[in-house]
Amino acid sequence: GDTIKLMRKYKSFFPLFAVDIIRIGGPKNPMFRDNLLGFFNDPDVRSVYEEVQKQYPDVNFIKDGVSPALNRYHVLFPDSVIPNLVTMVSGFNYNIAATDSSVAISLDLYLGEKCKFYELLAMPAYKVKNMHRGQIVTDVIRGFLLANHEMKYPTDDLISWMVYHGTINYVAMQLLPDVSEASIMAYDEAQLEWSRANEQKIWSHFIDQKLFYSTDFNNQVNYINDGPFTPGFTKETPPKMGVYLGLQLVKSYMEKHPDVTIPQLLSTKDAHKLFNESGYKPVKK
């Protein structure tokens, strides 16, 4: 009966939680109820849950931060469903999990830099730095956009991934006009300042190394994925330099094409065309 109640309450999200997030199999599994109770009653999960309750006795601030952005999205995409917000403890598996009708936030991944669990799990410092309350709203919107607008370009080269993530971050900035660019990039202000000051230098590196049309998966990992810094540069270089440049490029494209709407931007099929028409060229600072 409890399982049925949970399924009714959380609809499409519940199977995702069971199968992908806590990995206990689907409701048809004969051991499902035992496994689910096992997860809920596990003493480690319990102590994490208690810490979450202590830090987040009230989660209305998430709704307050996210609702205006989701409403703006709904205006742009009238056929979209305004997703249901769910908070969860995922056993440190996923920070944001989104379906078309729900967005779930793992509060156990937003317990702050000093959290003892992260130390015990030996989580890398660059990750822990962003695992705080102030990053939740941005992460929800970015997670929602990534889930609802998957990469569709026919080309699998670095510039396509730069344009894709640049577009997602650009749209997140439009949906969250009060949130800083640093927070959208999950940078601190110093990292954003550094990126602005060195934009031209980084761009020249991409040109010199002929990176834009590279389909080498390692380049995607180095320039798009999060990390302590961007490989191939000095240790003070923030991570995800490809995403940062992608965002600047999309900003430049949208300034040059004021008639292009956000739905049109998100449905662009040709990353190379956008790249070529962006007119983006950072100047030496």
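I'll start with a charge: the charged end of K116 sits over the ring of F117, 4.6 Å from the ring centre. A charge sits over a ring if NZ of Lys or CZ of Arg is within 6 Å of the ring centre and within 35 degrees of the ring normal. R133 likewise lies over the face of F61, at 4.5 Å from the ring centre.

Some background. This is a predicted model, where local features need pLDDT of at least 70 and side-chain atom pairs count only at pLDDT 80 or more, while totals for chains, interfaces and linings use all residues. Residues are numbered from 1 along each chain as its sequence is written, and side-chain values use heavy atoms, with hydrogens and water left out.

Now the ring pairs. Rings of Phe, Tyr and Trp (its six-membered ring) pair if their centres lie within 6.5 Å; planes under 30 degrees apart are stacked, over 60 edge-to-face, and the rest tilted. That rule gives 12 aromatic pairs.

Take W203 and F275: the centres are 6.3 Å apart and the planes at 70°, so this pair is edge-to-face. It links distant parts of the chain, 72 residues apart, with W203 in helix 11 (residues 189-208) and F275 in helix 15 (residues 271-277). Helices here are DSSP runs of H or I, at least four residues, numbered from the N terminus. W203 is buried at 8% relative accessible area; buried means under 20%, with a 1.4 Å probe and protein chains only. F275 is buried at 13%.

What about F206 and Y223? Their centres are 4.9 Å apart and their planes at 55°, so the pair is tilted. Both F206 and Y223 are buried.

Finally, ring pairs link W203, F206, F212, Y213, Y223, F233, F275 and Y280 into a cluster.

Key: Helices (H or I, at least four residues) and strands (E, at least two) are DSSP runs, numbered from the N terminus. Buried means under 20% relative accessible area, exposed over 50%, partly exposed in between (1.4 Å probe, protein chains only).
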